[in-house]
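Let's take a walk through a protein together. Have a look at the fold first, and then we'll go through it piece by piece.

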Amino acid sequence: MADPILVTQGLCRSFGNFKAVDDVSLAVQRGSMTGLIGPNGAGKSTLFNLLTGALKPDVGAVQLDGQDITGLSPNKLFARGLGRTFQIPRPFARMSVLENVMLAPMGQVGETITGPFLFRSRMQTEEGRIRDKALEVLDFVTLGALADHPAGQISGGQMKLLELARVLMGDPQLILLDEPAAGVNPVLTATLIGKIAELNRQGTTFVIIEHDMDFVMQHCDPVIALAEGRVIFEGTSAQALANPTLLDAYLGAPMDG
């Protein structure tokens, strides 16, 4: 039976007279790896921004696990188990890889004005626990050896693994990935895909924006396609390859090689 973790109802967002997202209603099934495709300007990134609180919709609603999350801030959504990576990672370049990951958990005692003075022991205990978890996460994403390396000096592919590590510090149930394979060399792409697949097998749900159709067709099921801000297709990857509307709107060239 259907078990949606994320549902949108009539979601709309305009910029002036331009409708970037136009009456989008969809459901992301728990445990799925859903591919979100469409041509440039189709509304994919705007939809991600609406789902993750970076933008507020003009009209419509978003539900996570049956709870209305419409317009909640990104930090509140992160606390509820909704994580997101970006197409272009922007780590704190001068901080180490480990320090970047340790910053991710919210509400740390050391972040308060009085914490370092009044709760030093509690702060040190919390920091030790966060450090241990961060090292475990870095090992999982194969960046353990670079823990003390400046984040600004690692490769683009490693930065995408670092972004995934930061998201994992929040123990997310749903992760939205914005073009995870873009600009990543084949070896690191394989590593990244492997880690995403492993997390998915463990129960984490993914929604993935990706222009690499081989990636989408091999790893995503179902596939949702946007064009001009509207959903024009929902179905399996095999159905996507055979759908005339989708082929005309996005895929264009024959997909037989």
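What follows is a tour from the overall picture to the sheets, the cores and a few single residues.

A quick note before we start: this is a predicted model, in which local features need pLDDT of at least 70 and side-chain atom pairs count only at pLDDT 80 or more, while totals for chains, interfaces and linings use all residues. Residues are numbered from 1 along each chain as its sequence is written, and side-chain values use heavy atoms, with hydrogens and water left out.

Let's begin with the big picture. The protein has ten helices and ten strands. Here, helices (H or I, at least four residues) and strands (E, at least two) are DSSP runs, numbered from the N terminus. Of the 257 residues, 49% are buried. "Buried" means under 20% relative accessible area, "exposed" means over 50%, and "partly exposed" is in between, using a 1.4 Å probe and protein chains only. Now think about contacts, meaning heavy atoms within 4.5 Å. Among contacts between residues at least 6 apart in sequence, 67% join residues at least 24 apart.

Now find the open sheet of four strands, whose order is S2-S1-S4-S5 with antiparallel pairing. Strands of a sheet pair through backbone hydrogen bonds, either parallel or antiparallel. In this model, two strands count as paired if DSSP finds at least two bridges between them. Strand S2 (18-29) and strand S5 (67-68) stand at the edges with a single partner strand each, so one side of each has no neighbour in the sheet. S1 and S2 share eight bridges, and Leu11 stands opposite Val24 in S2. These two strands make a hairpin with two residues between them, and Gly16 in the turn has a positive phi of about 65°. S1 also pairs with S4, over five bridges, with Val7 opposite Gln63. Moving on to S5, strand S4 (residues 59-64) pairs with S5 over two bridges, and Leu64 has Gln67 as its bridge partner.

What lies across this sheet's strands S1, S2 and S4? That would be helix H1, which runs at about 115° to S1; axes are lines fitted to C-alpha atoms, for helices over the stretch in contact, and angles run from 0 to 180 degrees between N-to-C directions. Seven of the eight residues of H1 (residues 44-51) are buried, so the helix is largely enclosed by the rest of the structure. Among them are Phe48, Leu50 and even Lys44. Just after H1, Gly53 takes a positive phi of about 85°.

Next, head over to strand S7 (residues 174-178), where five of the five residues are buried. In a regular strand the side chains alternate between the two faces of the sheet. You can see this in S7: Leu174, Leu176 and Asp178 point one way, while Ile175 and Leu177 point the other way. S7 pairs with S6 in the parallel sense over three bridges, and Leu82 stands opposite Leu174. S7 also pairs with strand S8 (residues 205-209), again parallel, over five bridges; there, Leu176 has Val207 as its bridge partner.

So what about the nonpolar cores? A nonpolar core is a set of buried Ala, Val, Leu, Ile, Met, Phe, Trp, Tyr and Cys residues joined through side-chain atoms within 4.5 Å. The largest one has 46 residues, and those with the most contacts inside it are Leu138, Val141, Leu168 and Phe206. Helix H6 (residues 156-168) gives the most to this core, with seven residues. The core draws at least three residues from each of domain 1 (4-91 + 171-252) and domain 2 (93-153), with bounds that come from an automatic or database domain assignment. Leu168 touches residues including Lys133, Phe140 and Leu199. A second, separate core of 26 residues includes Leu11, Leu50, Leu176 and Val207.

Let's finish with some single residues. Ser96 sits in the loop between strand S6 (82-84) and helix H3 (97-102), and it is buried, with a relative accessible area of 11%. Met213, in helix H8 (residues 213-219), counts as buried at 10%. Met213 and Ser237 are 24 residues apart in sequence and 9.7 Å apart in space, C-alpha to C-alpha.

Notes. Lists of a residue's contacts leave out its neighbours within four places in sequence.
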